Amino acid sequence: RSFPPVCNLRGRITSKDIALHTSSTSEEEASDIKRPVPETDLKRLITQMSTTSRTASTDKQPPKTTSRYQLGVGKNQPIGGNTTLSSKGDQDIENVASFFPIIEPVSKPEPAVKKPRYDTGEGKNAPMTTNAVGGTSQQGPYNNNSPSDDNSFRTTTKTHLLTTGDKDSAKLTRAVWDKDHFDESQSSSSANNLESDGGEQQQNAQVNDIFSAEGTDIVIPYEEIDLSVPPSVYSHPSVDGKSSEQIDLVWDLMLHEAKVEAAREPLLVSFLYSTIINHPTLESALAFHLANRLSNPAMLSTQIMSLIREALDADPDFRRNLRADILAVRDRDPACNCLPDVFLYFKGFHALQTYRVSHYLWKSGRRVLAHYLQSQVSQKKQIDIHPNATLGSGIMLDHGTGIVIGETAHLGHNCSVLHHVTLGGSGKKGVDRHPKIGNGVLLGAGASVLGNINIGDGCQVGAGTLVIEDLPPRSVAVGVPAKIIGRFVDVTAQPSIGMNQLGSKESDEGIAFYI
């Protein structure tokens with residue numbers, strides 16, 4: 001409110017009310033005065049009291065303060081700036097930017113000639129040229145006097161050994177720093193040779209010269225190797241008492257192809273060298289490679305490698321089956337180009353060889369350790385093969401994902417099993433409850449064979465088929481449940497080797513379908 005009320009309850013202004021708002025009349029004197037106030041005096045008093053009330057309300061407002069920091073004033077005054085400032089703090093803050101001088105950015109002048117960061121091809125880095133007479137000279141790459149087209153001069157570079165200076169390291173170094181990999185003319189000419197007939201043989205001959213100054217031994221291609229792995233393919237003095245020297249055509253071929261791939265792809269030289277080329281035997285390479293794939297913090301790779309070597313050394317059939325499995329994948333899978341591909345990358349092959357190690361441990365009474373290897377393969381490869389199952393030689397687990405083989409299952413020789421195949425059981429624990437698969441059987445993708453049933457030799461089970469009854473030899477079955485739709489005409493036919501799926505021209509020509 002602008003001023004306090006001056007009227008009493010009766011609506012009249014008394015001298016007491018006036019005395020409360022004036023300083024000239026005391027409270028005691030105002031109580032004695034009872035006479036009414038004239039109208040002219042009343043107007044004058046109201047005007048006077050209203051003015052006094054406005055002044056009092058104005059004095060109660062807080063004083064207007066200036067800014068806390070007086071920018072540009074006193075010691076904060078900019079050097080060389082305008083010293084005339086506004087008296088008000090708000091205006092000082094708004095206009096403070098105008099008091100500071102504008103500084104132009106400093107630009108660094110660019111050098112006339114930009115020096116390269118690395119001095120390549122000049123000074124001590126210039127290549128050494130050697131003439132035919134034997135003299136050497138240090139020349140830069142832009143020397144016009146260097147005879148680039150003259151055969152009497154050749155440019156050599158310093159070789160960098162990846163490991164110690166032994167014989168194998170020298171071979172590896174020549175493969176990594178082969179000048180053909182960095183010479184455009186050589187690479188283009190080699191590409192043309194590959195397109196022409198016999199180009200691959202020429203490149204293999206060049207690789208042989210790279211890896212051995214004395215030349216490599218002639219290796220037999222896999223097409224000429226007997227897939228059954230007779231003693232003429234693999235023979236070890238400890239296995240065959242009649243043989244005095246070791247024969248291993250599979251390892252010789254794998255080693256040769258690994259060197260060829262290392263020469264083609266320098267980025268894989270270290271990997272191929274550590275997994276294949278650096279090892280003396282196929283068993284040593286397999287133990288090293290599988291141990292690195294199956295190791296974890298609880299079981300070191302060196303421990304797993306010793307287990308694999310123990311199983312290989314103690315079981316001659318394991319060593320022979322190992323070579324038969326590699327040749328089976330190389331022969332039946334058109335996506336496989338060489339033996340190192342099978343050995344290094346095919347997880348079906350890795351799971352199969354790990355099963356053979358766990359099967360040896362199971363038969364030796366070390367069943368907990370066998371289950372550990374089975375668990376590792378199941379987690380890392382998505383393939384579950386019980387250690388007590390019986391698997392023959394020359395088996396191909398194509399793709400491998402989702403394959404399940406039970407405890408009492410039996411899989412014959414030269415069988416081909418595609419992904420998501422189940423050899424499941426029916427019954428309680430301790431009962432022979434899994435299927436028995438014959439030799440040369442092809443199980444299509446997603447096929448399920450359940451119960452203690454027999455699948456005859458040379459049968460073919462179509463993709464997605466559910467088999468719950470016995471199949472006679474050389475039968476062709478499809479459907480859910482399985483129905484026999486035909487029979488192979490050739491009694492020696494093995495569909496697992498041909499890998500012809502039902503519905504193809506090659507498959508239908510050899511099948512007599514039932515009407």
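H399 lies in the loop between β8 (396-397) and β9 (404-405). Helices here are DSSP runs of H or I of at least four residues, and strands are runs of E of at least two, numbered from the N terminus. H399 is not a glycine, yet its phi is positive, at about 65 degrees. The model is predicted, so local features need pLDDT of at least 70 and side-chain atom pairs count only at pLDDT 80 or more, while totals for chains, interfaces and linings use all residues. Residues are numbered from 1 along each chain as its sequence is written, and side-chain values use heavy atoms, with hydrogens and water left out.

H420 also has a positive phi, near 60 degrees, and is a residue other than glycine. H420 is found in the loop between β11 (416-417) and β12 (422-424). Its relative accessibility is 44%, so H420 counts as partly exposed. Buried means under 20% relative accessible area, exposed means over 50%, and partly exposed lies in between, with a 1.4 Å probe and protein chains only. Another backbone feature concerns P481. A cis peptide bond joins V480 and P481, with omega about -10 degrees. P481 sits in the loop between β19 (475-478) and β20 (483-488).

E245 is placed in the loop between β4 (234-235) and β5 (247-248). E245 counts as exposed because its relative accessibility is 53%. Contact is taken as heavy atoms within 4.5 Å. Not counting residues up to four places away in sequence, E245 touches S235 and P237. E245 and S235 are ten residues apart in sequence, and their C-alpha atoms are 7.7 Å apart in space.

Q460 belongs to strand β17 (residues 460-461). With a relative accessible area of 2%, Q460 is buried. Its side chain reaches the backbone oxygen of N500 at 2.9 Å. Beyond its neighbours within four places in sequence, the contacts of Q460 include L442, F488, P495, N500 and L502. S475, V476 and A477 are also among the residues in contact with Q460.

The largest nonpolar core has 84 residues. Such a core is a set of buried Ala, Val, Leu, Ile, Met, Phe, Trp, Tyr and Cys residues joined through side-chain atoms within 4.5 Å. F343, L391 and I455 touch the most other members. Helix α14 (residues 347-363) gives the most to this core, with eight residues. L391 touches L352, Y355, R356, I385, I405 and L411, leaving out residues up to four places away in sequence.

Helix α8 (residues 249-264) has 16 residues, which at 1.5 Å a residue should span 22 Å. The expected span is 1.5 Å times one less than the number of residues. The end C-alpha atoms of α8 are 23 Å apart, which agrees. The helix is mostly covered, as twelve of its 16 residues are buried. Among them are V250, W251, L253, M254 and H256.

Two packed helices are described by the angle between their axes and the distance between the axes. Helix α11 (residues 301-314) and helix α12 (residues 316-332) pack at an angle of about 100 degrees, with their axes 5 Å apart. That makes α11 roughly perpendicular to α12. The contact is made by A311, L312, D313 and A314 of α11 and by P316, F318 and R319 of α12. Axes are lines fitted to C-alpha atoms, for helices over the stretch in contact, and angles run from 0 to 180 degrees between N-to-C directions. Angles under 35 degrees count as roughly parallel, over 145 as roughly antiparallel, 65 to 115 as roughly perpendicular and the rest as oblique.

Note on methods. A polar contact is a pair of N or O atoms within 3.5 Å; within protein, one must be able to donate a hydrogen and the other to accept it, and residues adjacent in sequence count only if both atoms are side-chain atoms.
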